[in-house]
Amino acid sequence: MADILEITGLSFRYPDSPKKAVSDFSLSVPEEEIVVLAGPSGCGKSTLLRTVNGLIPHMYTGEYSGNVKVGGVEVKESTMRDLAQKVGFLFQNPENQIFMFTVERDIAFGLENLGVPRAEMRDRVDEAMRLLEIGDLALRAPHELSDGQKQRVALAGVLAMKPRLVILDEPTSLLDPRTAAELVDLVGRLRRELGTTFVVVEHRLDLLVKVADRIVVMNEGRKALEGTPEAVLFGDEAEAYGVTIPSVTRLQKMLAADGRLPLTGLLSPAELARALEGERR
């Protein structure tokens, strides 16, 4: 399967900064993959995302070297208009991208800016609301919605643009555990139904491991670790780079080290409980 995102030897330093925010970073992401970016605050994740959606170098200037390609096209040679149709971006706080008077008008906002014909715009808005299961909110004012509903509306606006790659910047940080789990399930469903590729920055790895194909850990602007969720979270290095290991994974490792459980795939809390129940028997 072809790579939708190719980053090669990327380095970037903001003006007047004493060190590079991203340094010699390379990553390839095939279509339909879900990749999680992890690492402590200040490790370069936000800067990396800005190079993918074109904010760097088109809006943020600085010392830039290397290559970032989306769909085979160099980001620094593309216009922001073209990139908006290839790369969707969901902010950590959905209120940063919801500002129209009704939900359906908000979803249509990006399409209106691109001059999409009215009939096609109507179809795209309806399809996005169907996918996100928010058709009943079409005429509601965004400020009346819950945080989870706002997140779905913002994501619907992204999907209406039909991007091949969607970036989610800490999408669960403002959500309660149940709503956050629903959002992660939704990401998995959109990958299956639409073939959408996702790059997700997230600290709550316990939610993402069930849908992620890879975890990439950054440290001081560099790629420190890369592998399957099992390889990264069962290893000994992730915590040294500031990654919080899910509690259930930590317990699973301890039980495996004691010989009480085989260390196979990552288990959910319910799966671990069933395994322990079976072991007692």
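Trainee: How many residues of strand β7 (residues 165-169) are buried?

Mentor: This is a predicted model, in which local features need pLDDT of at least 70 and side-chain atom pairs count only at pLDDT 80 or more, while totals for chains, interfaces and linings use all residues. Residues are numbered from 1 along each chain as its sequence is written, and side-chain values use heavy atoms, without hydrogens or water. Strands (E, at least two residues) and helices (H or I, at least four) are DSSP runs numbered from the N terminus, and buried means under 20% relative accessible area, exposed over 50% and partly exposed in between (1.4 Å probe, protein chains only). Strand β7 is mostly covered, and the count of buried residues is 5 of 5.

Trainee: Which residues of β7 point the opposite way from Leu 165, Ile 167 and Asp 169?

Mentor: In a regular strand the side chains alternate between the two faces of the sheet. In β7, Leu 165, Ile 167 and Asp 169 point one way, and the residues that point the other way, likewise buried, are Val 166 and Leu 168.

Trainee: Which residue in β8 is the bridge partner of Leu 168?

Mentor: Two strands pair if DSSP finds at least two bridges between them. Strand β6 (residues 87-90) runs parallel to β7 and is joined to it by 4 bridges, with Phe 89 opposite Ile 167. Strand β8 (residues 197-201) pairs with β7 in the parallel sense over 5 bridges. There, the partner of Leu 168 is Val 200.

Trainee: What is the geometry of the ring pair Phe 12 and Tyr 14?

Mentor: Rings of Phe, Tyr and Trp (its six-membered ring) pair if their centres lie within 6.5 Å; planes under 30 degrees apart count as stacked, over 60 as edge-to-face and the rest as tilted. The structure holds 5 aromatic pairs. The centres of Phe 12 and Tyr 14 are 4.9 Å apart and their planes stand at 90°, so this pair is edge-to-face.

Trainee: How many residues apart in sequence are the parts that the pair of Tyr 14 and Tyr 60 ties together?

Mentor: Tyr 14 is partly exposed because its relative accessibility is 22%. Its ring and that of Tyr 60 have centres 6.5 Å apart and planes at 80°, so they too are edge-to-face. Tyr 14 lies in the loop between β1 (3-13) and β2 (22-30) and Tyr 60 in the loop between α2 (55-58) and β4 (63-70), so the separation is 46 residues.
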